[in-house]
Amino acid sequence: MKFVKVITLGASLLIGTSAMAENHIMRLSHGETENNPTHVMAAKFEELVEQYTDGRIDVQIFGSNQLGSEQEVAQSVRTGSIESEILYTGNLVPLAPSIGVMMLPYAFTSTQEAHAAMDALQGPLNERLPGEAGVRVLGYLEKGFRVLTNSVREVKNIDDLQGLKIRVSKNNIAIETFRSWGLDPIPMAWAEVFPALQQGVIDGQENPYTTAVSMKFNEVQDFITEIHYLIWSGPLIVSERWYQSLDSDLQDALNKAGREAAEYGRANSASETEVAMKSLVEMGMTLSGAPEDEEKWQEAARALWTSFADEIGGADWVAEAGRLIADATANISK
Ligand code: MLT
């Protein structure tokens, strides 16, 4: 009997010790609905983090901009009042200029190139972003090329584009790129885009096919042009302050889960993009393919690259990132 008592005491001491290990809540914000690859990545990340940390980190997902617009939440991640977010690179650039090297128009011709670039840049970005923006990257999602949609007319060439009220994300690279094509674009938070399309405040927008489907843009848009100027890339960022407060085994678990969840999200996006494109056409949208004068669009936008250097981390960083991207993509066939 005495022996049993000792065992019981030992067991209760052990239980007491493990109950004292600190548990953490990790809110993960994003701006998409549940049928979008962003949410698919978020859900995978939640599953993996809880598995790799034995439940010591409880990931709680808040989609559809519930916690605020992508740019607002990025500010909260910086201060640590929200732990993490998945967002479009273009919505992080104003806070974290160095990540803008992924935003140069027509820099990538395939998703494979974008993956190689994102993977090569993640380490170097994590040397820069904590100081620049109070955040670090755990994984990098890609969702295919951004395509232009509008409700007014088929855009087959740069002349058809003129006069359209097109919304762009709130960063100078997007704004200047559309200006180079002769437009005065309307920068607007992502959360406001659907109602603005519905009310006719804007005629069009640009985002990947999967987003056009998950946002039901076919209800308010009629025409699609594959302008292919930019691939949607978006990091899963975590607050540096919060990350540094964690034990190193938890940090390792987050890094592993972030990389794996990004791979999973990219694969989901690859399989859903074609399906999304077909379903938009089936639902009545007119698909024009690439503009017939695509070289004009490319020439105008590429001419801006050097003028963007200061907004994307400065000339030295742009040169370094350019070398890393060139090495990483060298063996990918065009
Ligand atoms: C935007 O256009 O602001 C983004 O692409 C929205 C998103 O994060 O999907």
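Let's start with Gly-313, which sits in the loop that links helix H12 (294-302) to helix H13 (315-329). This is a predicted model, and in it Gly-313 has a relative accessibility of 27%. That value makes the residue partly exposed, because the partly exposed class lies between the 20% limit for buried and the 50% limit for exposed.

Which residues does Gly-313 touch, once its neighbours within four places in sequence are set aside? Its contacts are Pro-97, Ser-98 and Arg-128. As for Asn-35, 278 residues separate it from Gly-313 in sequence, and the C-alpha to C-alpha separation in space is 34 Å.

## A four-stranded open sheet

Next comes an open sheet with four strands, in the order E8-E5-E9-E11 and with mixed pairing. Strand E8 (204-207) and strand E11 (286-287) are at its edges. Each of these has a single partner strand, so one side of each has no neighbour in the sheet.

For E11, the pairing with strand E9 (residues 223-225) is parallel and runs over two bridges. Here Ile-224 is found opposite Leu-287 of E11. In general, the strands of a sheet pair through backbone hydrogen bonds, in either a parallel or an antiparallel sense.

## Asn-65, a buried loop residue

Asn-65 also has a loop position, between strand E2 (57-62) and helix H3 (70-79). Is Asn-65 buried or exposed? Its relative accessible area is 16%, so it counts as buried, the limit being under 20%.

With neighbours within four places in sequence left out, Asn-65 is in contact with His-30, Gly-31, Glu-70, Trp-190 and Ala-191.

Conventions. Residues numbered from 1 in each chain as written. Predicted model: local features only at pLDDT ≥ 70, side-chain atom pairs only at ≥ 80, totals over all residues. Heavy atoms only, no water. Buried < 20%, exposed > 50% of the residue type's maximum accessible area, 1.4 Å probe, protein only. Contact = heavy atoms within 4.5 Å. Pairing = 2+ DSSP bridges.
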